[in-house]
Amino acid sequence: MNRVIFLLGLVLLTAPARADFRAGAHAQDISPTRFPSPVNGGMKGNFAQGVADPMQARVLALHDGKRALVFCVVDACMISREICEAAKRIVESESGLRRQDILISATHTHSAATMTAVFQSDPDPEYTRALPAMLAKGILQALKNLEPAEVGWAFGSDPAQVFNRRWYVKAGADYENPFGSKADRAWMNPGQANPKASIPAGPVDPDVAVLMVRGAADHRPIGLLANYSLHYVGGNPAISADYFGEFAREMALRLKANDARYDGKPAFVGIMSNGTSGNINNVNFAVPIRPKRAAGEQIKVVARSVADAAMSACEAIKWQTGTRIETEETELRLGVRKGTPEELAQAKQILATVPKDKDGQWGDRKAIYARETVKLADFPDTVPLTLQVHRIGNLSVGAIPCEVFVEIGLRLKRTTPFERHFTISLANGYDGYLPTEEHHALGGYETWRARSSYLEVEAAGKITRRLEEMLGALQARAAR
Ligand SMILES: [Zn+2]
């Protein structure tokens, strides 16, 4: 008898007790209400006069019965660490989730209200004060929507929409950077069939990763998180979620997620997160002429193309219910690349002599970068970065607060100890571009010292190695 009870106890202890996987999703409107609204994404600050389609925080919440993981992907060019942390503090105190269980990232739409000062665009402080509560509200609603669910993931591919935007400068070609140097060997966006540019200075990553959840009983699509390494596709003068919003709408249509039989249930949320797209855009510079497109047409073309790849991934999903979640977070301190005292003095000299344009902003690149040198002088010598790795079953996800170069994402996909991996850029803060050391040596826009590129030259190696250590630790914990 005792032996039977003992054996029964052993079975209870060792049984996979977590078949109670739950998921919830919610899309929270976070559009600004005061206009003109500052919009960042260019070297000059833009202003939107209204909303074309709403900015959202698209949230996918997962719970395995013990651990939770929340993805909150925000329609923003970039989102500051302060806003992310403030939103997480509200969620922590209201839900009991830990900060490491929450990943907040920006899509990188270039038509969103400014959340972080970069180049000549500063946020409306009233808007940034209101943001943490709006993001927390969206996350808490997704947690309220948790319901028994099945989860799965698969990878599709869309090589047609991604191009490496950095091209080698041809030997002897004249190319000067805004600091007056002609030593740059890489040229970002050289233009169509530029005779001074030779070939792209790096690869692309065509993967369209999809993590999806559906209702355990009715198989209703609850939410889908995709990941694609494409900078953005936009061009809307009003507030817009760009191609990220169009992809979300497209996936809801294709999955028939708004079917009348689901009335009264929480709405499906499709999400496109930004992969490692620091040097990847949607323009094929190899051809002499770009295809003519009406305003907003390219957004639809790309969203449909990527949705095709996402749909074929969805069809390959092996649905699971006993999937385990683990989350991990660390803080890494990195140095800030500042100008020397001589460079700072020279920058001040440039600003004193170069006039502003009629709009009150600098148009001259030398002056724009001189202003950035002055702004960076006020930065601390080192900054803390939040790094995260998570796993959902045998899929790992990394998060880096930068515009990450594609080589870094490709390496993590090769080195992960899990079956597959993807990396979300612009997550949990904003620390500018993350070129590899090799790309720093080539120069080019993404390496030019500014608030859009200020981490130490060794940053990419340090971040990549730390993420690999964290993934290894996660794997060791999973094996136990
Ligand atoms: Zn960018």
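**Notes on the predicted model**

1. In this predicted model, strand β6, which covers residues 102-106, is mostly covered, five of its five residues being buried. The side chains are divided between two directions, with Ile-102, Ile-104 and Ala-106 pointing one way from β6 and Leu-103 and Ser-105 pointing the other way, and all of them are buried.

2. The pairing of this strand can be described in some detail: β5 (residues 68-74) and β6 run in the parallel sense and are joined over five bridges, and within that pairing Val-70 has Ile-102 of β6 as its bridge partner. Together with helix α2 (residues 81-95), the strands β5 and β6 make a β-α-β unit, and this unit is right-handed.

3. A salt bridge is found beside this region, between Arg-58 and Asp-75, whose closest N and O atoms are 2.6 Å apart. The pair links distant parts of the chain, since Arg-58 belongs to strand β4 (residues 56-63) while Asp-75 lies in the loop between β5 and α2, 17 residues apart. Arg-58 has a relative accessibility of 1% and therefore counts as buried, and Asp-75, at 0%, likewise counts as buried.

4. The domain assignment divides the protein chain into domain 1 (20-166 + 197-335 + 379-479) and domain 2 (341-377). The contact between them takes 14 residues from domain 1 and 15 residues from domain 2, and the two domain centres, taken over C-alpha atoms, are separated by 32 Å. Between them the domains bury about 1,500 Å², 49% of it on carbon and sulfur atoms. On the side of domain 1, Lys-44, Gln-120 and Arg-449 supply 43% of the area buried against domain 2, more than any other three residues.

5. How many salt bridges does the rule find across the interface of domain 1 and domain 2? There are four across this interface, whereas a search of the whole structure finds 34. Lys-44 deserves a separate comment, as its side chain meets that of Asp-359 in a salt bridge of 2.8 Å, N to O, and also that of Asp-357 in a salt bridge of 2.7 Å, N to O. Lys-44 lies in the loop between β2 (37-39) and β3 (46-48) and Asp-357 in the loop between α6 (341-353) and α7 (365-377), so this pair ties together parts that are 313 residues apart in sequence. With a relative accessibility of 25%, Lys-44 counts as partly exposed, and Asp-357, at 34%, is also classed as partly exposed.

6. A further salt bridge joins Glu-469 to Arg-466, with the closest N and O atoms 3.8 Å apart. Both residues lie in helix α10 (residues 459-479), three residues apart, which is about one turn of the helix. Glu-469 is exposed at 54% relative accessibility, while Arg-466 is partly exposed at 25%. Elsewhere, salt bridges that share partners join Asp-205, Asp-207, Lys-413 and Arg-420 into one network.

7. Is Asn-164 buried or exposed? This residue, found in strand β8 (residues 163-164), has a relative accessible area of 4% and is therefore buried. Leaving aside neighbours within four places in sequence, the contacts of Asn-164 include Pro-200, Gly-202, Asn-279, Ile-280 and Val-406. Asn-164 and Leu-230 are 66 residues apart in sequence, and their C-alpha atoms are 9.5 Å apart in space.

Notes: Residues are numbered from 1 along each chain as its sequence is written. This is a predicted model: local features need pLDDT of at least 70, side-chain atom pairs count only at pLDDT 80 or more; totals for chains, interfaces and linings use all residues. Side-chain values use heavy atoms; hydrogens and water are left out. Buried means under 20% relative accessible area, exposed over 50%, partly exposed in between (1.4 Å probe, protein chains only). Two strands pair if DSSP finds at least two bridges between them. A crossover is right-handed if, with the strands pointing away from the viewer, the path from the first strand over the helix to the second runs clockwise. Domain bounds come from an automatic or database domain assignment. Contact means heavy atoms within 4.5 Å. Buried area is the accessible area (1.4 Å probe) that two parts lose on being put together, summed over both.
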